[in-house]
Amino acid sequence: MLMLRVAMLRWIVLAFAALLLGACEPRSFVSESVERLLTSDEVSVRYRRLVLPNELKVMLVSDPRVDLSAAAMAVGAGFQDDPADRQGLAHFLEHMLFLGTEKYPEAGAYQRFMSDHSGFGNAYTSIDHTNYHFEVAHDAFEEGLDRFSQFFVAPLFNEEFTAREVNAVDSEHSKNIDNDFWRAGAVLRTLYRPEHPLSRFGTGSLATLKGVGRDELMRFYRQHYSSNRMTLALVSNRPLDELEALVRGRFGNVPNRHLAARHVAQDYLPRAAALRLLTIEPVKDVRMLGLEFPLPPAMAHYRAQPLRLIGGILGHEGAGSLLSVLKEQGLATGLSAGAGYETADFASLHIVVQLTPEGLQDYRRVLRLTLGTIRALREAGIPRHLFEEQRVMAELNYRYRDRMGSDAIASTLSAAMQDLPLDDLPEGQYLLRDYEPGIYREFLEALTPDNMLVSLMAKGLATGRTETYYGTSYGYREERGPAFDELARATADVRWHVPAPNPYIPRHVRLGRPEGALKLARTSLLHLERVGLGAQPLAALQAMQGQTFANGDALLAAVRDVLPQAGRPEAMAQILKSALALPRRLADTERAKIWYLPDWRFRKPKAEISLKIYTDPASDTARHAMLGQMYTAAFEEAQNERAYPVREAGLGFAVSWGTSGVTVGFSGYSDRMLDLVGDVFARLPSVELSEQRFAALKEQALRGLQSERFAEPYRQSRYYSRLLLERPAYTREELERELSSITLAEVRAFAARLYQRIYVEGVVVGNLPPELTREALAAALNGLGGAPLPPGRRLRDAVNRVPSGDWYYGEQLPVGNSYVGMVFDAGPRDPQTRGALLTIQRMLGSSFYNDMRTQQQLGYIVYGGMSERQRIMSLIMIVQSGAYGPDVLQSRMDGFVPRFIQSYRDIPPEQFETLRRAVVEAKLEREKDIGEVAERLYWTAFKHDEQWDYMSTDIEAVERLTKADTERVLERVLAPHSRRRLSIRLTGKEHAAGISRDRAILPGNPLLREAS
């Protein structure tokens, strides 16, 4: 450790000396130094808050860094506004707004426009608001806003689609019927006051919405949609004045119906001097104890955030926590606590405990320990040090937050504007400002047994009732007298205590100077063109395309003289951030190859380290695969209490098992990351876990494998797809058999021999000094020991090719929905074919969705697009349906394919150009955080042959594509005479399997193994 700290001090001294030397240069150089140019990133974001004459609240965000423009409108109406006899009406109306307006009447045109211009649109309906959002290419933003604004000016509610879209809502509900989260929520609602809007079924179904027509929709729309209940957020690279003009010209005419704010009662569950216990039969084999406490609204106290603090203490996982106590007694494997409902009128706090078999048998003890902990916290109060830790972390996390996509920023902002003051956004939704012990006490005093609803979910519980909308079997009873009084007197375990001060909370963060080579690539110039660099400097930079510079200073020296004086610092900053950063090797030996890339763009005191350790054994047999999974699960469980305070301080690690062996990842604030690397690697060869905890972990893993059979079909399709198309792959049954006989002693022996021969592929990205990182990683790997693992013993994923012709795999599922997924094998990746498939995908996605979902109403889960496994590309089409079996789905999808081929051939040249341009725009979208940079670096280094500038090659290939080129690829991949198609047909329990004309195929079939 001393070596690390001395090296760190050396790095800081050198960085400080560099700053001093820079200060001695002429002022013009200082203003254009790498450090100054790169630290100005966040201040370039501009906000403007408006209230239009029609009382529409608006937040404008001008951010030159965003790749796409976005907008979101939150409307203060949700499912709590549904009429009692029309449950789901708000959600149904949300669907209908996408199906045409007076100005843009064609159903499906909105989604097609967004898809053709590198974007998408979506919406969600919550308890108290509905949120509509989209993102699109910058040059299409004006028209996108115009189309979007018409949702709130003149929707059609076309009678034809009104009758049809009810089926889509019903399909959305049907996909949730086998989901235990939705089922439990519906059962809980049966205990809420019947007259309270929270008791309603917000999704809606064919039964609750049957007969809804245009008049009823229009009446609800006029009753609840008004500009004075709406909040709009725009995010774009355009200046604020331009954004304001776009808003005023399109949203100023949204009707203001002067609707009064609607409020509902906060007591959706009246108090009762009784233990109110729901017993719920799940679909999956889960065991959970849930506690729900109705609360007064917490939104007004957003500066103090009471639920965040209370949930953080009750859900703590470190030493002395409630979870630690429950684990020590063999009662639980996990616990979470935090806010449930949060509206302007009411809130709730939920605690969920994952039970062991012993915990299920003695759930009353779990309940007493939980309530005793709450009582102890109520008596102790929330100490100042915990508030200060949360406050510091909130400020750090907000200041150095990862970038969200434009759509996510707009959607989050518009929703927050419904409840928080405009002047306190965006930071108000993230920061803690006020320590309010009195408010915390008020909420803690509401966490009492008489204000509690308890739910116990597990197989085999006594039920006797059936919930209306999901068909869930449940039971309910109330226990008064001594049983209830015992809960009121419950005390905490003597080992529980409020979390001690966290020594890992960062008090200081440092930003190092990025050092490394930079290339002015083709993509660099395209990025600079997008951000508005002038024609003259772009022309001058064109001559430098392809040049590599040793560091940032060399690049700045080369471009300084070709830039005009006015605005030169801003232009140079953009050039630094747009240049292609080239990685350097930290290690290249028989035991490891590790690449390093500094943070040029984000300038945050964060880093990512991802190390893939090839081991021998790896997942070469089903037993080794299961042993590896149990080893990494046991290792993380053993380290959890120690690691939790570190994670709370913004520095985390994860250890996982894959085909090749172990992957170890570190992410977060970089200040103490290298110390953590050394600590974790020193512990890897051992598993410090009790037999009792291992037995609980093993039983949990077994239930997890068994429960996968009850997941939604489209999720299960990934499992069957892996079995058919990837090697090695093992069935659930194989893994379950191996798991049943694995012991803790065997896992410990496995861990001890696992690292005897290793090879490491890794990447390091972000705010870490390269030489210090090289030393730390070398020390960690040397401490791990092990001889080099030769290339021939490094197990890697392989991909099976689909043979020529039409093939299918079928499976009967114990869930309600059916599924068909078609994989059209397009062959090994190359820039030209990939570009053609991406261009085709632009049209395929919207056409398939409009045909299968909007027009034919086959199901809610519908997707068409491109996929890639290792180096094998494909086009895929999937439909999941609660109404139709796989034979109907397959037939309808088969009918779509020739129609799509012809419709693609028929598109005019200008539409092809739009599609091709959208592909280029999408390729220019940059990573939003350091984690994404690390993922791309790993992929490029180890799966794309170190082709660092592959994106420029891809873009050039797309730009050379002709329509005829893409038609040839389309014909080869989709047409019956040449295609390689695999259909995965999963049949729900309510449907017949049908008969397929395709040839059957099985996992491991040698026909699939033509090439990898």
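**Exercise 1.** In this predicted model, determine how the axes of helix α24 (residues 622-648) and helix α25 (residues 673-683) are oriented to each other.

*Solution.* Start with the axes of α24 and α25, which come within 12 Å and cross at roughly 160 degrees. Angles over 145 degrees count as roughly antiparallel. The two helices α24 and α25 are therefore roughly antiparallel to each other. The handedness of the α24 and α25 crossing is right-handed. On α24 the contact is made by F635, Q639, R642 and V646, and on α25 by L676, D679, V680 and R683. Sorted by class, the contact of α24 with α25 has 4 nonpolar, 1 polar and 3 charged residues.

**Exercise 2.** State how many residues of helix α8 (residues 180-189) are buried, and what the buried residues pack against.

*Solution.* Of the 10 residues in α8, 7 are buried, and the helix is mostly covered. These are D180, R183, A184, A186, V187, L188 and R189. The buried residues of α8 pack against the strands β7 (275-280), β8 (288-295), β11 (453-457) and β13 (473-479). At the start of α8, a side-chain oxygen of N179 lies within 2.8 Å of the backbone nitrogen of F181.

**Exercise 3.** Locate S118 and decide whether S118 is buried or exposed.

*Solution.* S118 sits in the loop between α5 (109-116) and β4 (120-125). Its phi is near 65 degrees, a positive value in a residue other than glycine. Buried means under 20% relative accessible area. S118 has 6% relative accessibility and therefore counts as buried.

Notes. Residues numbered from 1 in each chain as written. Predicted model: local features only at pLDDT ≥ 70, side-chain atom pairs only at ≥ 80, totals over all residues. Heavy atoms only, no water. Buried < 20%, exposed > 50% of the residue type's maximum accessible area, 1.4 Å probe, protein only. Helix = DSSP H or I, 4+ residues; strand = E, 2+ residues; numbered from the N terminus. Contact = heavy atoms within 4.5 Å. Polar contact = N/O pair within 3.5 Å; in protein donor to acceptor, adjacent residues only side chain to side chain. Axes fitted to C-alpha atoms, helices over the stretch in contact; angles between N-to-C directions. Parallel < 35°, antiparallel > 145°, perpendicular 65-115°, else oblique. Left-handed = near helix turned anticlockwise from the far one by under 90°. Nonpolar A, V, L, I, M, F, W, Y, C, P; charged D, E, K, R; others polar.
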